[in-house]
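Open the model in your viewer and keep the selection panel at hand. The stops below are meant to be followed in order.

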There are 2 protein chains.
Amino acid sequence: MSSRLAEIAEAAHIDATALASSCPVPILQHNQIVLGHGSGGRLTQRLIQQEILAAFRNQHLATLHDGAMLTLNGSRVAFTTDSYVVKPLFFPGGDIGSLAVNGTINDLAMCGARPAYLSAAFIIEEGLPMEEFRRIVRSMRQAAEAAGVEIVTGDTKVVDRGKGDKIFINTAGVGLIHSRADIRADRVRPGDKILVNGPIAAHGIAIMSVREGLEFEAEIETDSAPLNGLVGAVFEAGHDVNMLRDPTRGGLASALNEIAEQAKVCIRLDEQAIPIDEAVKAGCEILGFDPLYVANEGKLLAFVSPDNADAALASMRQHPLGHEAAIIGEVLAGTPSLVTIKTRVGGTRVVSMLSGEQLPRIC
Amino acid sequence: MSSRLAEIAEAAHIDATALASSCPVPILQHNQIVLGHGSGGRLTQRLIQQEILAAFRNQHLATLHDGAMLTLNGSRVAFTTDSYVVKPLFFPGGDIGSLAVNGTINDLAMCGARPAYLSAAFIIEEGLPMEEFRRIVRSMRQAAEAAGVEIVTGDTKVVDRGKGDKIFINTAGVGLIHSRADIRADRVRPGDKILVNGPIAAHGIAIMSVREGLEFEAEIETDSAPLNGLVGAVFEAGHDVNMLRDPTRGGLASALNEIAEQAKVCIRLDEQAIPIDEAVKAGCEILGFDPLYVANEGKLLAFVSPDNADAALASMRQHPLGHEAAIIGEVLAGTPSLVTIKTRVGGTRVVSMLSGEQLPRIC
């Protein structure tokens, strides 16, 4: 047991031996890319920090946020990009097209921005049926219309058979940051409440149940949705939000660990307060997943000061995408970078960042 | 012989039989994606028009330019995206990383914009050596620094072995449009001179000679370069430019056909005036390519009114990337959408858009 572990255990009031067993094994240096580098967890973080940030070092990238917050001719602008490699292309409640549109809209919304324009770039494997391409493009249009954004520029590349996987889509987006918004990890303070807008883990389980051929009584659908309206409603109601993040790859656990590290704070979750649908919970149990690590595509985590929290919760709950919003935890002054959870049975355990790969190609 | 062909032949003063033989065969409807859909030629154009524009229909996409020209909070902003799937990853004079940075910078420059910020999104195949990833990222940084732009946001996805091809890179970019710039196909007028900033076809031949294992006396290097400085110099010298385009996939021929169609003008090139390096010309002959269809990655076509053309040419020639700039053709009032070339031997032939696939995965 290292003295650092003992120290963390003491600060978090948890059993040091339990903490040691829950800590991820040390991550070896990799001399090639492995699937885990795309997990959204510890390996992704390491790849980004050691290889990408080290090369591109600048103040915008260094925030490690979902998008960059920039100044362009005096305007506060958010700019973001994401590639989508989800498998299968079509799944309950969505497809790669709507996912690609909603995902980038959400990254802009997490910067406190109103999404304005999107790009769409396709890398298509030779042989993709034209009808599938058409379905995907239609789905993108519908998603863009539903969210009130325009797809204004694009690109199409084709790779030879066996050198891609049907279709990969990149969407980038630009938007104007709300005048009221000031979203930064370093605004997160002890006392802040952590809100989520609804039940977690649906996207990952929807994808995995298709892949594994599982059938549940009720089909589990992705939660993929555009969060710009919800975020806009919270800002317009005048509620100050310190930090926003959509917990996609790597789930709540990885997103909260990232924020705890950046904000140098301790986060404590309350398991009982975290909304999760019964069917999704059953799916997690069957598949052996901890829902805290399962990807969401229509959820956000909002850090709000304690005096703002109830009002922000109320305004979320008035929005169609926030009916089941809940306060699921809070920020503590304890050990920096530590995320713990008070379990249903009353114990406390450490929630570490996802290490390795859990659900490849979930988005 | 259709009456339309006879009419075109008469208008262009060329032999109608020769015209018929040079016309592309009709393109069949495809029920799946083929490599030619990524060629940058007729098939790409059809895919974009029938499948993508039909779905996303809006004024910005409809311009079919290299990027979208938008208004964001009162500022004129350009926004563009491109994915890079070039094979091999490393080639004489460049690599996929520098190509991805320069390419998006150039698309912004072709909108008359000063590139400000880029995104970088990687789709990596499991197994890519970390050292190759590192080289690519370093190369991106150097290219961005050389052009004075920042890479501010990114994304990393990993796909399983056999479902990608080492690495694909998407870059998107935003920039502010020069106050003097008004780049639009519908500003192209009969009388306009067509300028190119230097010798053509180097990029495609550099890639193909690596792929085919050809060795020339002097190694042929890609012309990949950031054109923002050159374009800025022309604007700052006060020279009005009506239209800009970088002739990448599909080469000069496809770019000029697109512009001729959009502007509803006739274009006549002068073969003798088109700069091409001897080694590149030899490479084209060995490989059986018409240099007019071979991709460039550091070239631009500028349409300038006749009274501005010589001055614009002079200011291009003062820039390191424009020493060998030349006036290579002009816009005529003849048959709309027709591109012809006056050959070295004094004849005239039609230059049609690339149909099918010539050089897959050239960028």
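**Stop 1: a contact between chains**

Select A:R249 and B:T156: a polar atom of the A:R249 side chain lies 2.7 Å from the backbone oxygen of B:T156. A polar contact is a pair of N or O atoms within 3.5 Å; within protein, one must be able to donate a hydrogen and the other to accept it, and residues adjacent in sequence count only if both atoms are side-chain atoms.

This is a predicted model, in which local features need pLDDT of at least 70 and side-chain atom pairs count only at pLDDT 80 or more, while totals for chains, interfaces and linings use all residues. Residues are numbered from 1 along each chain as its sequence is written, chains are lettered from A and ligands numbered from 1 in the order in which they are written, and side-chain values use heavy atoms, with hydrogens and water left out.

A:R249 sits in the loop between β9 (243-245) and α9 (251-263) of chain A; helices (H or I, at least four residues) and strands (E, at least two) are DSSP runs, numbered from the N terminus. Is A:R249 buried or exposed? A:R249 is buried, at 16% relative accessible area (buried means under 20%, exposed over 50%, partly exposed in between, with a 1.4 Å probe and protein chains only). Leaving aside neighbours within four places in sequence, its contacts (heavy atoms within 4.5 Å) include A:G38, A:I362, B:D155 and B:K157.

**Stop 2: a bent helix**

Next, select residues 42-56 of chain B, which form helix α3. Its buried residues, among them B:L43, B:I52 and B:F56, pack against β5 (113-125), α6 (130-147) and β6 (150-159) of chain A, together with α4 (59-62) and α9 (251-263) of chain B. Where does α3(B) bend? The bend is at B:Q49, by about 35°, taken as the angle between axes fitted to the seven residues ending there and the seven starting there.

**Stop 3: backbone details**

Most residues other than glycine have a negative phi, and most peptide bonds are trans. Go to A:P88, in the loop between β2 and β3 (90-91) of chain A; the peptide bond from A:K87 to A:P88 is cis, with omega near 0°. In chain B, a cis peptide bond likewise joins B:K87 and B:P88.

Then select B:K166, whose phi is positive, near 70°. B:K166 is partly exposed, at 42% relative accessibility. Finish at B:A201, with phi near 80°; B:A201 is buried, with a relative accessible area of 0%.

Technical notes
The expected span of a helix is 1.5 Å times one less than its number of residues.
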